[in-house]
Amino acid sequence: MKEGQQQFYQWQYSLQATPEKLWPYLSDTNRLFKKLGATPVQQTSLSRNTTKGFLELSHNNLKSYVSWLQEPYTWEYPYRYGMKRYYKMGIMKDLDIFCELTGTQNGTKIVFKIKVTPSSLYLSLLVKFYIESFVKRKLTQYMNTLEESLSQDLRPYELSNKSKLQRGVDRKLGFLKEKLIDVCKRKRIADRLVDLLRYAEDDDLERIHPYTLAEYWGEKKYSVLNVFLHAAKLDILDFSWDVCCPHCKSPKHNFRKMKDVRVHLYCDDCEADYALDFNRNMHLVFTPHPLIRKVADKKYCLGGPGSKPHRKVQQYLEIGDERYPQVKLSEGTYVFRSMQHDGHLKFHVRDDGAENITIHLTDDELNGQEITLSCKPNLIIKNKSSKKVVCYLEKLNWKEEAIYASEVSSSVDFISLFAKETLKDTSKVKASEVTMLFTDLMNSTELYVQEGDESAIGRVMGHFKIIQHIVAEERGGIVKTIGDSVMAVFSEPVSALKAVQRIQQIFTTSTPVGEAFKIKAGVHFGDCTAVNLNGRIDYFGTTVNIASRMVDLASEKEIMVSEAVFNHPDVQLYLEKNSKTFFVKESMKELKGFDDEEFKVKQIRLERPPMRLVI
């Protein structure tokens, strides 16, 4: 074998699971490389002119130092991904890895391809032996584990019976589990949480997302979060606050306490300043409590598709290149961006959307154009600019599994268990695109007169508890009650609409409680400011003022929503799919305190208004 001669390897596997089910495991290149015996890597900086999107990485192994330049990963969910490395020193000159998933009648055909150029003839033999004897064997073992676990609808760690806890911790954890079950009354969730802590890999525990587990476990998100919060109170879990960069969407800063968070931050990867946003990039994350299990913070790969699950397509184009990515999207709103361009394009994905679209990347910025696409579009991307481009398509609601600070800080469970976990008294934090819901009882005075104070108060308090429960299940929080009114906050407009729909349905049924109450609601969506007021999170600004005025305009069984809420893509999609349930009327209204302008609002009812005979 001659010096510098490229070696090529290809292995094929057939698994019964679909590409969508396999993608989270195979696209998690950090986990995959660890399984293949890779050495932990770290980001370094040996050059001052590295192209944005490229990474300079290195590792130390057996007192040898290896560094390389890594091209941006390219991927097309859930079908394929690839990566190239160019080594500056070490046993290889370059490395090219490609993985492709093809759906079949019986599952998925998986093809792994590796191209490698060794540095010398002697090292060529070493590289060949290592890949054929070690890497292939490890990869086959991992494929067999995935086949066994997914065929039983389990995660790989659930097949393990070997605890990863230190000696003596198992007994302590068993005692704490009994206390956890006693306080939250959710034994099934507590059992699964403890199994996760005992048997899962460190990768699974670096950031534990309750909502992701809730979906997998078939449990309500609110119930799983409740157990996690109680587990944190018992020192089974610990929690902290991730603040993600809005550009690359990665958690670049982590604060153990909310009072420690900084408003002005910087991302080294994007080389850009960014601000803390209470409703967009500040999330609650859980880890095992250090006294239960210590998690090793080692990275075996950086920049892979598994690190950005919200990003469905990423492509790297040389000048003049064209790409034809294959992609499978769920309905929703997506944005197309480039690391080398300002601006974005917005795609609304619908079953009946356009099948074909061509994106021309020039030296001009992306102009914010909105396009409706099908779920399986034929994309063509052409780089007609004067520079290399890294572009990507990602879901607008990019952190579906995240627990937003705006949501959890107003949760009754969180407030009761961690009353001191709030912003500093002097902090004023932006909460952008937050949704405010106000509800009001129309007949409360009549209720007090007819039933007396004691009975009426009990029923009103019961009404608060029902609303509190529904709001929590729809991923919102009760900021406060004002008389007989409720002020609630949601991170997304559609969540508020779903919550008030359920509230209206409960209180307009033929039950005694339903007949007693006449509920109306107002919803608005926009930016406001989060502050610590009397030890609790509260919100101020025009968005709050408008929402509080809109409920005054509503009638019985009516939801008054602003044009901003109504036009939100997720709300539009929800209304389209429930067009037989909602009846919408548009009108212009004046709001108290806003005398100089009229507001276009939508009056939404859950039943058709009664017909009136006019003589």
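This note sets out numbered points on helix packing, nonpolar cores and backbone geometry in a predicted model.

1. Packing of α1 on α3. Helix α1, residues 19-26, packs against helix α3, residues 121-151, at an angle of about 135 degrees, and their axes are 12 Å apart. Because angles over 145 degrees are required for a roughly antiparallel pair, α1 is oblique to α3. The crossing of α1 past α3 is right-handed. On the α1 side the contact is made by Lys21, Leu22, Tyr25 and Leu26, and on the α3 side by Tyr142, Met143, Leu146 and Leu150. By class, seven of these residues are nonpolar, none is polar and one is charged.

2. Packing of α4 on α5. The axes of helix α4 (residues 169-184) and helix α5 (residues 187-199) cross at roughly 155 degrees and come within 10 Å. That angle makes α4 roughly antiparallel to α5. Their crossing is right-handed. From α4, the contact involves Asp170, Leu173, Gly174, Lys177, Leu180 and Ile181; from α5, it involves Lys187, Ala190, Asp191, Leu193, Val194 and Arg198. The contact of α4 with α5 comprises six nonpolar, one polar and five charged residues.

3. In soluble globular proteins, nonpolar side chains tend to be buried together. The largest nonpolar core in this model holds 73 residues, of which Leu193, Phe278, Phe286, Met436 and Tyr539 touch the most other members. A second, separate core has 43 residues, including Tyr9, Leu55, Leu95 and Leu146. Two of the residues named here also take part in the helix contacts: Leu193 belongs to the contact of α4 with α5, and Leu146 to that of α1 with α3.

4. A cis peptide bond. Most residues other than glycine have a negative phi, and most peptide bonds are trans. The bond from Tyr77 to Pro78, however, is cis, with omega near -5 degrees. Pro78 is located in the loop between β5 (74-76) and β6 (80-89).

5. Positive phi at Asp153. Asp153 is a residue other than glycine with a positive phi, near 60 degrees. Its place is the loop between α3 and α4. Asp153 counts as exposed because its relative accessibility is 53%, and the threshold for that class is over 50%.

6. Positive phi at Lys185. Lys185 is not a glycine, yet its phi is positive, at about 60 degrees. The residue is found in the loop between α4 and α5, the two helices that cross at roughly 155 degrees. With a relative accessibility of 63%, Lys185 is therefore classed as exposed.

Terms used:
Residues are numbered from 1 along each chain as its sequence is written. This is a predicted model: local features need pLDDT of at least 70, side-chain atom pairs count only at pLDDT 80 or more; totals for chains, interfaces and linings use all residues. Side-chain values use heavy atoms; hydrogens and water are left out. Axes are lines fitted to C-alpha atoms, for helices over the stretch in contact, and angles run from 0 to 180 degrees between N-to-C directions. Helices (H or I, at least four residues) and strands (E, at least two) are DSSP runs, numbered from the N terminus. Angles under 35 degrees count as roughly parallel, over 145 as roughly antiparallel, 65 to 115 as roughly perpendicular and the rest as oblique. A crossing is left-handed if the near helix is turned anticlockwise from the far one by less than a right angle, and right-handed if clockwise. Contact means heavy atoms within 4.5 Å. Ala, Val, Leu, Ile, Met, Phe, Trp, Tyr, Cys and Pro count as nonpolar, Asp, Glu, Lys and Arg as charged, and the others, Gly among them, as polar. A nonpolar core is a set of buried Ala, Val, Leu, Ile, Met, Phe, Trp, Tyr and Cys residues joined through side-chain atoms within 4.5 Å. Buried means under 20% relative accessible area, exposed over 50%, partly exposed in between (1.4 Å probe, protein chains only).
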